[in-house]
Amino acid sequence: MSLAESRSTQLPKGVVVKGAMGDRFDEILSHDALAFVADLQRRFNETRKRLLAVRKERQKRFDAGETPDFLAETRHVREGDWTVAPIPADLLDRRVEITGPVDRKMIINALNSGAKVFMADFEDASSPVWANMVEGQINLKDRWANRIDFTEPSTGKAYKLKDKPAVLIIRPRGWHLPERHIEIDGEVASGSLVDFGLYVFHNAKPALAQGSGPYFYLPKLESHLEARLWNDVFVAAQNALGLKTGTIKATVLIETLPAAFEMDEILHELRDHMAGLNCGRWDYIFSFIKKLARNEAYVLPDRSQVVMTKAFLRAYSLLLIKTCHRRGAFAMGGMAAQIPVKNNPEANAAAFAKVKADKEREAGDGHDGTWVAHPDLVPVAMEVFDRLMPQQNQLDKLREDVSVGREQLLEVHQGTRTEEGFRENIRVGVQYLEAWLRGRGAVPIYNMMEDAATAEISRAQIWQFVQYGVEVDGGTKVDADLFKRCLAEEMERVKGEVGPENYAKGRFPEAIELFSKLSLAPEFEEFLTVPAYGKLA
């Protein structure tokens, strides 16, 4: 019997694993774990696909000129007097959370960073290479087995978990993402259900035994019906594993424009499992552009001018705080994408000052905590929240003074559109996509930690500028020819920045081709990671 035949006899009926089996993969992809995932897929995948189809139909209405609004049919939920279920003790103080991909060294450094929470990310901060996804599950299983110690082979440096590590929250892939290395009954598996199912199957009980629990961040939701689907998945998983309803706790990222109009409803659907909402600011900017891409009235200025203190971003963050605190849920602030600037003290001080000001705004507004992307920024954010939020959280800050309606949630930032901003979008977008194709999902570019969301903003702005012939610098009209010229020139600049040798060793030709195709496509591709996924191992 061949190895492949032997492997197939160990798999549950109807399950095929197409990815290569690496060291210890069989621990994660065990018969019982895959049977658990397959059961979730069989029960919930049709609903998932139907809800994705609903997204597409809604997008057609946006393309025809409709704009989002609060739902008439759920007014009773928004006006009702209800709260979410009690939140576990280890999630009551979330003042600083750090996020990052699921490689082993990153997990240890993040858990040891001094942050209250680490969000281990299978989504925008990870490139979904098969090995990344399965090794990430091994690393998280090892965290709860207390055997995640690690020695860097190239340097001999040892990494070990300290006492009192950060609380662990997992972000599975969004509803739209597949896991093509696993098929169930002849159909590609849902990336969401694979990531969630494997983690909760292996780790829910070990986490509970150590005083924590199975905690999740849910990305890219566009409606309360998509939240209802997650709630149904949670209930089924808890029943199958013999856990009490409400054991699983979720924080939902409000990072799509439609979801901002359904925050109460999302909290309500997940009220037994709810820990809070988060201002996923970068994806939210991308979603604002994407959802209204066919409406010329909503073309934004340069990305650097789309800031949290103004227009639709200010409105949605304040509404999120008010909505969450009314319901007893946490209102988490957004990501500080700045990273330390080595060998340039002035630039480093400026970056840290930006982070401090951003966190002071969040703590002052009433957020219960915030995100950072780098361990060196944990103390900066912690100092602000310790000073402005001496108590565990700010659930008592109800913000009844806030009044945000449809008009405020759709208010466009004022600002300029420049050729330099256009060119920076090209450089950032292509460099991120190139790194993603090499298996890296969180990439430092120009002193910012970029992930898939910021690359999406770059691509979406370029598409919109080309579509509408936007004038930059008050005169030059953007068209496909200008894009192609700028692309060639900016790639020469990137080659000089990274060095000809690194450039030649990379996957720049593929990244350039895909980025160009998406930027100039007649129809806007919903996510760049979906067509790019086919190019990964």
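Is the crossing of helix 5 and helix 6 right-handed or left-handed? The crossing is right-handed. The points below concern a predicted model and begin with this pair of helices.

1. **Helix 5 against helix 6.** The axes of helix 5 (residues 104–111) and helix 6 (130–144) come within 9 Å and cross at roughly 40 degrees. That angle makes helix 5 oblique to helix 6, since angles under 35 degrees would count as roughly parallel. On the side of helix 5, the contact is made by Arg104, Ile107 and Leu111; on the side of helix 6, by Asn139, Leu140, Asp142 and Arg143. By class, these are three nonpolar, one polar and three charged residues.

2. **The buried side of helix 5.** Five residues of helix 5 are buried, namely Arg104, Ile107, Ile108, Ala110 and Leu111. They lie on the same side of the helix, because the arc they cover around the axis is only 165 degrees.

3. **Helix 16 against helix 20.** Helix 16 (residues 419–437) has its axis within 8 Å of that of helix 20, and the two cross at roughly 125 degrees. Helix 16 and helix 20 are therefore oblique to each other, and the crossing is right-handed. Helix 16 contributes Asn425, Ile426, Gly429, Val430, Gln431, Leu433, Glu434 and Leu437, which meet Phe508, Glu510, Ala511, Ile512, Leu514 and Phe515 of helix 20. The residues of this contact divide into nine nonpolar, three polar and two charged.

4. **Helix 17 against helix 20.** Helix 20 (residues 508–520) also packs with helix 17 (residues 452–468), at an angle of about 45 degrees and with the axes 8 Å apart. This pair is therefore oblique as well, and helix 17 passes helix 20 in a right-handed crossing. From helix 17 the contact takes Ser458, Arg459, Ile462, Trp463 and Val466; from helix 20 it takes Phe515, Leu518, Ser519 and Leu520. Six of the residues in this contact are nonpolar, two are polar and one is charged. Phe515 is listed in the contact with helix 17 and also in the contact with helix 16.

5. Gly506 is placed in the loop between helix 19 (500–505) and helix 20. Its relative accessibility is 17%, so Gly506 counts as buried, the cut-off being under 20%. Apart from neighbours within four places in sequence, Gly506 is in contact with Glu434 and Arg438.

6. **Asp124.** This residue lies in the loop between strand 3 and helix 6. Is Asp124 buried or exposed? Asp124 counts as buried, because its relative accessibility is 8%. Leaving out residues up to four places away in sequence, Asp124 touches Arg171, Lys220, Asp283, Tyr432, Gly441, Asp451, Ala452 and Ala453.

7. **Asn295.** The loop between helix 11 (281–291) and helix 12 (311–326) holds Asn295. At 18% relative accessibility, Asn295 counts as buried. Residues up to four places away in sequence aside, Asn295 touches Gly65, Thr67, Gln464 and Tyr468. Asn295 and Lys244 are 51 residues apart in sequence, and their C-alpha atoms are 47 Å apart in space.

8. **Two positive phi values.** Most residues other than glycine have a negative phi. Arg24, in the loop between strand 1 (15–17) and helix 2 (25–28), has a positive phi near 70 degrees. Tyr446, in the loop between strand 14 (443–445) and strand 15 (448–450), has a positive phi near 50 degrees. Arg24 is partly exposed, with a relative accessible area of 21%. Tyr446 is likewise partly exposed, with a relative accessible area of 30%.

Note on methods. Residues are numbered from 1 along each chain as its sequence is written. This is a predicted model: local features need pLDDT of at least 70, side-chain atom pairs count only at pLDDT 80 or more; totals for chains, interfaces and linings use all residues. Side-chain values use heavy atoms; hydrogens and water are left out. Buried means under 20% relative accessible area, exposed over 50%, partly exposed in between (1.4 Å probe, protein chains only). Helices (H or I, at least four residues) and strands (E, at least two) are DSSP runs, numbered from the N terminus. The arc is that of the directions from the helix axis to the C-beta atoms. Contact means heavy atoms within 4.5 Å. Axes are lines fitted to C-alpha atoms, for helices over the stretch in contact, and angles run from 0 to 180 degrees between N-to-C directions. Angles under 35 degrees count as roughly parallel, over 145 as roughly antiparallel, 65 to 115 as roughly perpendicular and the rest as oblique. A crossing is left-handed if the near helix is turned anticlockwise from the far one by less than a right angle, and right-handed if clockwise. Ala, Val, Leu, Ile, Met, Phe, Trp, Tyr, Cys and Pro count as nonpolar, Asp, Glu, Lys and Arg as charged, and the others, Gly among them, as polar.
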